[in-house]
Amino acid sequence: MKRSIVLACCVAVVAGAVVFAGERAKSPGTASPEPYVESQVIETPSGFRVHIRNPKRLDEVVNYAKYIVEGKIVAAEDLAEPISLQEGTPERAISEQSGMGAVQTRHGTNYTIQVLDSIKGQLQDQKITMYLTDDDQSYRPKLSVGEQYIFLLDWNDAIGRYVDFHPYASYFKVDASNKVKTIYKSTTDFSELDNQSFDKVRQKIKDIVQQGNG
Amino acid sequence: MFTAKKRLSLLVFSMILIGLSGTPAYAHEMYFTKNGSTITTVPLRWINKNTSTGRLKVLIDKQYLKDSWATYFEDARVAWHSSNVPAEFTTSSTSVNTYMATASADYWKQRFPGDSSWSEVMGVTDLYDTNGTVIDSYAKASASTKQIKGANIYVKPNPYNNSVFDYRSTMSHEFGHVLCLGHSHLAEYSPANPSTDPSIMSYDYLALKKSYLPQTHEVNDVKAMYGY
């Protein structure tokens with residue numbers, strides 16, 4: 001009887017250990033969360049804490065975007081750029097008082113995109129520059145020269161360049177056979193576009209844009 | 001029939017199994033690399049201490065905090081100051097080692113160009129070592145003096161995520177980084193189970209929105225890291 005109890009306890013300990021080991025926290029990677037989560041928090045390699053809100057429907061991000069283009073990445077240039085802290089601002093005050101000075105450095109990449117098709121905004125046939133910081137790139141799809149995407153973009157007047165606004169839903173990859181690969185697949189609205197023709201996806205986005213224009 | 005020796009062997013065997021399964025491991029450093037199963041950490045340490053009490057000393061200048069960040073600052077400060085962590089968090093205008101500021105909108109757009117209502121940076125802590133070098137990467141941490149003499153915490157003006165918990169938990173979490181605590185949710189680095197080992201340095205736990213108070217995990221990490 002006593003031997004049975006001891007053995008049962010050992011089995012329970014082992015079982016508990018296996019279950020515990022299985023309950024690992026998952027760290028966010030560069031893919032959209034599946035299943036859908038309304039929001040998530042990640043921290044970048046430099047220590048920035050980022051709250052990500054995830055769309056349920058395609059029209060949410062299409063309507064939010066100021067610009068939507070199909071484009072090819074034709075160049076990528078890594079940069080270290082100064083951020084001059086303006087006099088009289090809180091950031092300047094604490095940076096100087098702590099002895100850190102009035103200039104900080106931001107590291108990132110300029111991606112030059114040849115616009116092949118302008119779906120929203122007037123960017124047809126232009127070469128535009130989209131900027132991502134090094135930290136941004138740690139949780140976004142890896143972009144390479146030669147790749148084509150449908151980009152959903154905003155304009156940042158502080159840096160004078162285009163930027164994305166969602167790490168996953170701002171990108172629809174277009175492969176060599178002109179099929180779309182969705183980066184963000186967390187809801188049906190997005191996942192059903194996966195492997196669809198570029199023309200079909202473009203039309204769907206255009207329909208939303210036109211509905212938004214009234 | 002089990003003899004005492006056999007029972008003891010079984011007990012030791014069980015304890016070894018528990019150890020291997022991943023019970024909470026402490027002392028999560030901010031910067032580390034992993035090669036196979038080997039984790040190499042950079043042991044950054046806050047050097048400021050109260051010479052009378054021996055506790056870690058964080059003297060905060062908060063005059064540049066605005067709006068809800070200023071409103072809920074005291075909640076986050078007291079959360080740490082009154083906890084069992086051997087550290088003192090007080091506000092001061094002299095001998096300051098930690099500055100906090102609600103940044104300007106223009107600065108935020110320059111430092112975080114992709115920031116939007118979809119993807120929002122709430123705050124950032126810049127730690128700097130005794131040479132005045134800001135530590136923001138493994139490489140810089142590795143090349144640093146490892147002795148952290150100060151911190152600047154920048155928080156976002158008018159964030160979209162603006163619940164009371166967001167303000168309290170962001171500041172409380174950043175105070176953990178001031179003491180050089182790293183994240184405790186990373187799958188590759190002894191993650192703390194949010195159910196059995198809550199930790200405000202874990203995003204998995206913070207996502208539950210249960211508490212912004214330093215947990216036993218933080219107490220043990222600080223004690224392990226600083227030899228208390």
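## Nonpolar cores

A nonpolar core is a set of buried Ala, Val, Leu, Ile, Met, Phe, Trp, Tyr and Cys residues joined through C-beta atoms within 7 Å. A residue is buried if 20 or more other C-beta atoms lie within 10 Å of its own, exposed if 12 or fewer, and partly exposed in between, with C-beta atoms placed from the backbone. This is a predicted model: local features need pLDDT of at least 70, side-chain atom pairs count only at pLDDT 80 or more, and totals for chains, interfaces and linings use all residues. Residues are numbered from 1 along each chain as its sequence is written, while chains are lettered from A and ligands numbered from 1 in the order in which they are written.

The largest nonpolar core holds 58 residues. L44(B), A87(B), M100(B), A101(B), L179(B) and C180(B) have the most contacts inside it. A second, separate core has 36 residues, including L153(A), Y168(A), V174(A) and I208(A).

## Helix α7 of chain B

Helices (H or I, at least four residues) and strands (E, at least two) are DSSP runs, numbered from the N terminus. Helix α7(B) spans residues 216-226. Its buried residues are H217(B), E218(B), D221(B), V222(B) and M225(B). They lie on the same side of α7(B), because they cover an arc of only 130° around the axis, taken from the directions from the helix axis to the C-beta atoms.

Their cover includes β3 (45-46), β5 (87-91) and α5 (164-178) of chain B. After α7(B) comes G227(B), with a positive phi near 75°.

## Chain A

Chain A has six helices and nine strands. Of its 214 residues, 33% count as buried.

How values were computed: Two residues are in contact if their C-beta atoms, placed from the backbone, lie within 7 Å.
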